[in-house]
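Hello,

Here is the structure I promised to pass on. Please have a look at it first; my notes follow below.

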Amino acid sequence: MRIRSIILAAAIPLLLLLAAVNGALLYFQTKAEMRRGLDERALAVAITTAEFLSAMDDPAESVGSAPRRAALVSAARHVEGLEGLYLVDAAGRATALVTAHRRWTPSLAAPRGAAEVGAMTNADGNRHVVARARVAGGGFVAARIDAEPLFARLDDLLRWIVAGVAAAGVLGLTAGWHVARRIQRELAVSRQLMTALDTGGPTPDTSALTIIEASDLAAALRLLDANRRATLSAIDARRTREDRDRTDIAAFATWRAAAFPSLDTTVAGGGIAARLCGDAAPGCFFALCTNEDRAALIVGECNGDDAREALARAVAARDFLKRHWHEGTPDEALAAVREAFAALRLHHLAWSERNPPTAPCLLAIIDEATAAESYARMAPDAPPATTVERIDALLKLDGVLAVVSPA
C-alpha cells in the first residue's frame, strides 16, 4: 500500500468525522437554544397578557372595547411569530385577543401551574408552541407562536454544516495529497541513494531534503554503507591474516580441540572433569564410558609414526572404549586398546550408582602426577572442574588431566 493511499485513507475520514461531529454539536446546540428562546417568547406573551388582564375587574368585558382590542393587536405585532392569543374565562368561553391566521381552538383545560409551555405540535402542516398563563379571578391566557421560522433557520444551518463537511473533505484531500507527494518525492531521493550505494553509482544530492526525517534517513543510509564497507574490509583483512597464519600445526590443534572438548558432567553418582592440557602429546585421549547405572573414565596415550596417526588412533581408541568397555572385563578392554591402537599408558576408574566414588581420584598422563595428586587431596570438596583448572593453572601441565569425585 502506497504512502499516498495511507495518508489519504487516514486524513480524509478523520477530517470528515471531526467536521461532522462539530457540525452535529452546533446543530443540536443551536436547535436547543432556539427552542428554548421560542418557549420563553411564548411564555413572555402569555404571562404579560395575563398580568395585564389580572389588573381588570372583568377581563372579558374590558377587552371587548375597540380601543383596548386595538392596543393589544398593536402590541402583538411586535411579537415575532405570534399566531394567536386567546382569553379563556372561568366558564370555558374563549375570547380571541389576537385572531389566529390559521384555524386554532385552544384547549379549555386550565394550566397546572401559574404558567406553562406545552410540547411542540403540528397542526395542518405547521409546527407551533403554545404557552398558557393563569389570570387572577379565574381563566387563563393561551398564546401560540409559529415554530416554522426556527426550522427554516435550522435548515439553513444544516446546509452550511453539510457544505462545511464537504469543504473539510476537499481540504483533507488537498492537504493529504500535497503531504503525500512531498514525502514520496523525498523518499524517492532516499531510494535513489540506496540504489547508488548498492551498485556503486553516483549518489544523488540530499542537501535539498526539507523533511528532517528524510534527511536523517539519508544520513543513516550513508552511515550504514560506511559500516558495511568497514566490515567487509575487516573480513577481508582477517581472511588474509588467517590464510597467512594457517599452518599444519594450527590445523592439527583445531582438529584435536574439536575431537576432545573439555568434559564436565555427572554420571552414576560421580562428578567428572577432564581436559587436554598445554602441549599434550598427539596421542593423548580420555574416554567416558556409560551403561545404565555404571560408568568408567579412561585416560591414555597412543603411539604413532607421526602426530596425525597418533591423534587418529587416540580418537579410534576413545570410540572403541565407549562402545565395548561394558561388554567384557576392564582388563580385556585395555588389552584390546593396547593391541589395536598402540596405547602406551592407560589409567582407568570404574564406579556405579551403588558404589560411587568416595573421594577425589586423579587420572592423568602428565609428568607432574605426584604434585597434582597432592593438590587434589588438599581440596577434596572442590568441584572436579575447579580442581582441574587450578592444577592446570598452577603446574602448567602438558598431557591429559581428569578428576572423578563424589557428586
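Strand β9 (residues 284-291) runs antiparallel to β10, and eight bridges join the two. One of the pairs to look up is Cys284, whose bridge partner in β10 is Glu301. Please keep in mind that this is a predicted model.

β9 and β10 form a hairpin with two residues between the strands. Glu292 in that hairpin takes a positive phi near 55°.

β10 also pairs with strand β11 (residues 343-352). That pairing is antiparallel too, over nine bridges. Here Arg294 has Ser352 in β11 as its bridge partner.

Is strand β10 (residues 294-302) enclosed or open? Eight of its nine residues are buried, so the rest of the structure largely encloses β10.

**The open sheet**

Elsewhere, four strands make up an open sheet. Their order is β7-β8-β13-β12, and they pair antiparallel. β7 (263-267) and β12 (361-365) are the edge strands, each pairing on one side only. On average, neighbouring strands of this sheet are turned by 15° against each other, direction ignored.

Within the sheet, β8 (residues 270-277) and β13 (residues 399-406) pair over eight bridges, in the antiparallel sense. As a reminder, strands of a sheet pair through backbone hydrogen bonds, either parallel or antiparallel.

**Cysteines**

How many disulfides are there? The count comes to zero, taking a disulfide as a pair of cysteine sulfur atoms within 2.5 Å. Cys277 is in no disulfide, and the nearest cysteine sulfur, that of Cys284, is 9.7 Å away.

Cys277 counts as buried because its relative accessibility is 1%, under the 20% cut-off. Cys284 is buried as well, with a relative accessible area of 2%.

**A nonpolar patch**

Now to the surface. Leu14, Leu15 and Leu18 form a nonpolar patch there. Together they have about 250 Å² of accessible area. Leu14 is found in helix α1 (residues 3-54). Leu14 counts as partly exposed, because its relative accessibility is 47% and that class lies between 20% and 50%.

Best wishes

Terms used
Residues are numbered from 1 along each chain as its sequence is written. This is a predicted model: local features need pLDDT of at least 70, side-chain atom pairs count only at pLDDT 80 or more; totals for chains, interfaces and linings use all residues. Side-chain values use heavy atoms; hydrogens and water are left out. Patches are made of residues with over 30% relative accessible area and no salt bridge: like charges are joined within 9 Å, nonpolar side chains (Val, Leu, Ile, Met, Phe, Trp, Tyr) within 5 Å. Accessible areas come from the Shrake-Rupley method with a 1.4 Å probe; for residues, only the protein chains shown count as cover. A salt bridge is a side-chain nitrogen of Lys or Arg within 4 Å of a carboxyl oxygen of Asp or Glu. Buried means under 20% relative accessible area, exposed over 50%, partly exposed in between (1.4 Å probe, protein chains only). Two strands pair if DSSP finds at least two bridges between them. Axes are lines fitted to C-alpha atoms, for helices over the stretch in contact, and angles run from 0 to 180 degrees between N-to-C directions.
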